[in-house]
Amino acid sequence: MKKRFLRKSLAVVMAVSTMLLACTACGSTDQGEGDTPVQESSGEEASGENESAGDMPNLVVSYAYAEVPADIDKIEAALSEMTKEKIGCTVTLEAFTYGNINDQLTLILSSPSEQLDVMFGRFYGTGISGYVSKGQLTGLNDLLDEYGQGIKEVIGQDYLDAAAIDGEVYGVTTCRDLGAQVAFLFRKDIIDELGIDLSGVRAYEDLTPVFEQIHEAHPELYVTGGAAVQPSFFIKQFKSVDFLADKLGVLMDYKEPVVSNLFESQDFRDLVELTTKWNQAGYIYPDITTDSSNSVQMLLSNGLAASYMQSWKPGAIVENQNTVQNYELAAAVIDEPAAFTMSVQSWMWTIPTNSKYPEKAMEFMNLLYTDEEVVNLLSYGIEGEHYVVTEDGFAANGPQSAGYADKAAWKAGNAYLAHVWEGDEADLYEKLKAFNDSADTTCAMGFVMDNSSVSTEYTALQSVLAQYETLLEWGFAGDVDATIQEFNDALYEAGLQAYMDEKQRQLDEFLGGQ
């Protein structure tokens, strides 16, 4: 099956990006996209040529992994057998890594002739507005009414509205941890060796003595790390701040509907000072800005880092353990859960305007929320080969588990249809629902900005974020005050005030209509 994993145009984009980052970032790397198992495109599209006999539609579906599984073609074939029977189509899986999926999808969406019927995409830090204003996402209301009733029943209107603009839904979140909470996951052998008590870590500042102790005992390791594209992931997840999807104008107190600039706040400055101290002490992986070949889990699993950040929820340890094969994990959990629009939009299933079969695409999405056979296949692989079901009803490693080692149910639509993985408690999903229910909710839940009237500003502001955000947040800036000032000057020059004013206007209108 033809895949479009990497293109020459992406190589050029990444090369230019790397050169720009190298001018300002510490560290360098010889690792690149070539280290990720990928296949070059032959130049043909991955759509029409794969349609099966009888002109059965073939859906092109994107999906993401920490590392693309060796047996991805087996999964694709098994999925097609299911969809042939259930909804009358075949499927081509476009498998990407968490590190390169955003760049790859950007390239696909910028080429309207290139087929992509169902897109599992990461919208953390950007939201859906930019995609909608560019005309890249299909409105889903009519499709949900006709072909997605199962989705509507499972997700509920409140969470569908959290990805709607002017009443039109553009994305469907997955059944997962919709309350946002952060944890640092550590190699448990090191925590045990040093007798570190992680229960006292409740804020970023509490991590400093932990990092110091690990660095002193294991100077051969970077204490913590991230990977290019992901590093702004969670590092500024303050308990009280709602990023309003794109971080360009936030609610510093998510109970107060006042839009302001996060990047000139004292909270942001304090964070940058803290991470700069970590960086200068040698705790932080130096190639964060350039290494897109390693996911955060792979950095730890490959013996490069002793910890990484991850979202926290019931079952997080076991879920991450399925990816980190070489070490057991221990967690330091930060703050308390809160529910923001961004946490709902962070990963979603969408139908791009590139879709050749939008109706069939919605039928496929509906399977992801209603069909346990499909959900378990995408989550764990082929039963009896990649995983087995124990007598107690848990999923566990099968004889060929390594072929589909990235086992995680949160991506495949309705995770509650997946088997609970061995090692977790049988009532995991009840606990996950309780976790979501316990999350304090932002006053802006359900608000999604329509940025079409300020799309020029949005594009310019995204360029400024790309230049400064990661460097500051991971302590690479050097002169904190000067770089933050330079960052904010560039933001305002790019139109931040006009963008925030429009966001405030729309938020006021949204709240007034409730």
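Which residue forms a salt bridge with D145?

K152 is the partner of D145, and their closest N and O atoms are 2.6 Å apart. A salt bridge here is a side-chain nitrogen of Lys or Arg within 4 Å of a carboxyl oxygen of Asp or Glu. This is a predicted model, in which local features need pLDDT of at least 70, side-chain atom pairs count only at pLDDT 80 or more, and totals for chains, interfaces and linings use all residues. Residues are numbered from 1 along each chain as its sequence is written, and side-chain values use heavy atoms, with hydrogens and water left out.

How covered are the two partners? K152 has 24% relative accessibility, so it counts as partly exposed. D145 has 40% and is also partly exposed. The areas come from the Shrake-Rupley method, and for residues only the protein chains shown count as cover.

The structure holds 18 salt bridges. One of them joins the side chains of K503 and D246, at 2.6 Å from N to O. K503 lies in helix 19 (residues 496-512), while D246 lies in the loop between helix 9 and strand 8 (250-251), so the pair ties together parts that are 257 residues apart in sequence. Helices (H or I, at least four residues) and strands (E, at least two) are DSSP runs, numbered from the N terminus. K503 is buried, at 0% relative accessibility. D246 is buried as well, at 3%.

D406 and K411 form another salt bridge, with their closest N and O atoms 3.8 Å apart. Both D406 and K411 are buried. Elsewhere, K86, D371 and E373 are linked in a network of salt bridges.

Most residues other than glycine have a negative phi. L244 is not a glycine, yet its phi is positive, about 50 degrees. K247 is not a glycine either, and its phi is about 70 degrees.

Where do they sit? L244 lies in the loop between helix 9 and strand 8. K247 is found in the loop between helix 9 and strand 8. L244 is buried, at 6% relative accessibility. K247 is buried, also at 6%.

## A covered helix

Which residues of helix 3 are buried? They are I101, N102, Q104, L105, L107, I108 and L109. That makes seven of the nine residues of helix 3 (residues 101-109), so the helix is largely enclosed by the rest of the structure.

Some residue pairs are separated along the chain, but their C-alpha distances can be stated. P352 lies in the loop between strand 12 (347-350) and helix 14 (358-370). P352 is buried, at 1% relative accessibility. P352 and Y131 are 221 residues apart along the chain, and their C-alpha atoms are separated by 9.2 Å.

V132 belongs to helix 4 (residues 129-133). V132 is buried, with a relative accessible area of 16%. Its C-alpha atom is 7.9 Å from that of Y170, 38 residues apart along the chain. A163 lies in the loop between helix 7 (157-161) and strand 4 (164-165). A163 is buried, at 1%. From A163 to G127 the C-alpha distance is 8.5 Å, and the two are 36 residues apart in sequence.

## A buried lysine and a charged patch

Is K313 buried or exposed? K313 is buried, with a relative accessible area of 6%. K313 is found in the loop between strand 10 (307-311) and helix 12 (316-321). A polar contact of 3.1 Å joins its side chain to that of E319. A polar contact is a pair of N or O atoms within 3.5 Å; within protein, one must be able to donate a hydrogen and the other to accept it, and residues adjacent in sequence count only if both atoms are side-chain atoms.

On the surface, E205, D206, D267 and D270 gather in a patch of negative charge. Such a patch is made of residues with over 30% relative accessible area and no salt bridge, with like charges joined within 9 Å. Asp and Glu count as negative, and each charge is placed at CG of Asp or CD of Glu. D206 sits in the loop between helix 8 (188-194) and helix 9 (207-217). At 30% relative accessibility, D206 counts as partly exposed.

Notes
Patches are made of residues with over 30% relative accessible area and no salt bridge: like charges are joined within 9 Å, nonpolar side chains (Val, Leu, Ile, Met, Phe, Trp, Tyr) within 5 Å. Accessible areas come from the Shrake-Rupley method with a 1.4 Å probe; for residues, only the protein chains shown count as cover. Buried means under 20% relative accessible area, exposed over 50%, partly exposed in between (1.4 Å probe, protein chains only).
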